[in-house]
Structures are given as structure tokens and as C-alpha cells.
Amino acid sequence: MELSHTMRAVEITEPGGPDVLKPCTRPVPVPGHGQIVIRVAYAGVNRPDALQRAGSYAPPANASPLPGLEASGTVVEIGPGVTRYSIGDKVCALLPGGGYAEYVTTPEAHALPIPEGLSMREAACLPETCFTVWSNVAMRGGLKAGERFLVHGGSSGIGTTAIQIAKALGARVFTTAGSDEKCAACEALGAEKALNYRSGDFVAMMHDEGGAHLILDMVGGGYLPRNVKALATEGRLVQIAFLQGPRVELNFAEVMMRRLTITGSTLRPQSDLAKARIAAEVEAHVWPMIAAGKFRPVMDSEFPLEQAAAAHARMESSGHVGKIVLKVE
């Protein structure tokens, strides 16, 4: 089909706060080998977008400099070598960047069909969080039914996703959040116990339960030694972000004596092949959870594309529960 040569988008004009996000006009991207062009309906807003905006999370080589790591929409153009998707297909996709725009390219192997029963708005919330949670909780962390699982930041997009997926896997789910209202929301999603970290101690909570078999953490900093103490013998800690910084003093004797595993990952720098493998796992395991009614993205708020700065301000206020999206179409 004939596409416009230019598109509406939001760019990062310089490193800084939300106000550096400004509407702009950019050329419509052209698909390379194995890539599709998606006309974006909704784009998800995520913490890595804010880190990129602040100048601390550069996009990979050859990725769009525009922010935006997930979107839903319609396939409007296909590059050479594309075999799964056709023009007109509805998809949601993990993106290397560029989601804050009317059109975006991504490898077809990173796109998945919209799960039946979900809207475009909801589907835009799936790729970044589902890829992150499944690859770290199931693939890397090896969570099993009956194990005790602790996720920090349970009311975030990652947290609400992790609670539901871990519950669907048969784990006992524990979490932390920043208010009693957020804790109630986490328990409504399936957490056995949600602790207000402003007034309680998650180490004591997990000790009372026998320790966590697996912890998913995005806080870092001072949480790292406390996570170690909260783990059961032979427990695993998976680190996916550092909201409080990556540097801390840690006594590794405890790690050795209790045979703990500390690991972690970031999603965006991984190879296209690695992301394709995660996509296949998500479609095989998470999409059936959605079909069975065991998991649904939790929606916080929606902003027009041109109000991306307000969406970032909302996210960084930490007042949200679940996902924030930009309406593009």
C-alpha cells in the first residue's frame, strides 16, 4: 500500500526531564530484510524510555533514536524475507526503538498476533513486560509451581505482569509496593501477601515464610544485600534494573554458604535471535494464559502521542498502577 513519506512522532530533543520530549515530523521508516512496518495504534510507556530520555540508556546501533519499545497496530508494509505476516495483520511487537511515532519497523519474529479478546490498547502493554518477565522469571529464574516468589514494585507494569504470570505458574507470590492501596491492588491480582515497603520489612516477611526461592528485583542499591538475606537456601535473585543504583557492598560469604544464585539481564541489547526465542516462548506459554483468563494487562492511563511528556511525568511520579500508553492513531 502507498504510505505517506512523513509521520508524526515524539523525539528526545536533549537529555533531561519529561519536558525534553517534543512532537516532531520524521520520515516513515523503510523495512529491511525480515522486517515489517507497523502503523502504530498504541505505544507502551516504560522505564527504559525515561532512562533513554535522561541520557543514561543509549539505543543499540542501527535502532531508531526515537523512544518506544513496544506497540500495537496494523502491518502496512513487509520487507524481503517476511513469511509470517501480511499487510493488514493486527500485531503487537517488541521494538528496538521508535514506538513514539505513527509508523515503526521491527523484525517480524519480534511481533506476535493480538491475543483474542484483547483491545489494541491492552495489547500495546504486553511485549516489553511479557518478554522481560517470562525471560527472567521462567527462562532465567526457573520458577516452579509451589515455590515462593517475591517481586519488588508489584504495582508497576512489570510487577502486575509478574504477579499474574507467577500465579498462573502455580507459585506462591509475594510483593512490595509503596502504599496500602497499591498493596491491595497487588493482592487482588493474586499476590498472597503485599508489603508496604514504607512501613514494613520484606526480609522479615520472607523469613516468616521460609525465604524466597526466587526474587525479581528492579530496585538495586540497598535492596541487593537485603534480597540476599530474604532468599531461602539455594535461592535465586534476578536483577533487571537499578532504580537505586548498581553499586553496593555485598558480603559474598553468605552467597557461598547458602549456595545462592545472583543473575540478571537487560532486554534491549540482546540479539535479534535471542529476542525471537523469547517471543516464541511468550507466544507458547503466556498467550495461553491470556486465553484462559489467567492474565490480563493492568491499565493505568492513556495519553495522546503529543502528550508523551505528561505520560513520563505520570510514570516517574510512581503514582500509577499498571501500564501507561500513548494513543497514536
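**Exercises on a predicted fold**

Of the 329 residues of the protein, 54% count as buried. The model is a predicted one.

**Exercise 1.** Determine whether the radius of gyration of the protein agrees with that of a compact globule.

*Solution.* Begin with the chain length: for 329 residues, a compact globule would have a radius of gyration near 20 Å. Next, take the value for the protein, which is 20 Å and therefore agrees with this expectation.

**Exercise 2.** State how many helices and strands the protein contains, and what share of its contacts join residues at least 24 apart.

*Solution.* The protein has ten helices and 15 strands. For the contacts, consider those between residues at least 6 apart in sequence; of these, 67% join residues at least 24 apart.

**Exercise 3.** Describe the packing of helix α1 against helix α10.

*Solution.* Two packed helices are described by the angle between their axes and by the distance between the axes. Helix α1 covers residues 47–54 and helix α10 covers residues 308–316; their packing angle is about 110 degrees, and their axes lie 10 Å apart. Because angles of 65 to 115 degrees count as roughly perpendicular, α1 is roughly perpendicular to α10. The crossing in which α1 passes α10 is left-handed.

Then identify the residues in contact: α1 contributes R47, D49, A50 and R53, while α10 contributes H312, M315 and E316. Finally, classify the residues of this contact: four are charged, two are nonpolar and one is polar.

Notes. Residues are numbered from 1 along each chain as its sequence is written. This is a predicted model: local features need pLDDT of at least 70, side-chain atom pairs count only at pLDDT 80 or more; totals for chains, interfaces and linings use all residues. Side-chain values use heavy atoms; hydrogens and water are left out. Axes are lines fitted to C-alpha atoms, for helices over the stretch in contact, and angles run from 0 to 180 degrees between N-to-C directions. Helices (H or I, at least four residues) and strands (E, at least two) are DSSP runs, numbered from the N terminus. Angles under 35 degrees count as roughly parallel, over 145 as roughly antiparallel, 65 to 115 as roughly perpendicular and the rest as oblique. A crossing is left-handed if the near helix is turned anticlockwise from the far one by less than a right angle, and right-handed if clockwise. Contact means heavy atoms within 4.5 Å. Ala, Val, Leu, Ile, Met, Phe, Trp, Tyr, Cys and Pro count as nonpolar, Asp, Glu, Lys and Arg as charged, and the others, Gly among them, as polar. The radius of gyration is taken over C-alpha atoms; the globule rule is 2.2 Å times the number of residues to the power 0.38. Buried means under 20% relative accessible area, exposed over 50%, partly exposed in between (1.4 Å probe, protein chains only).
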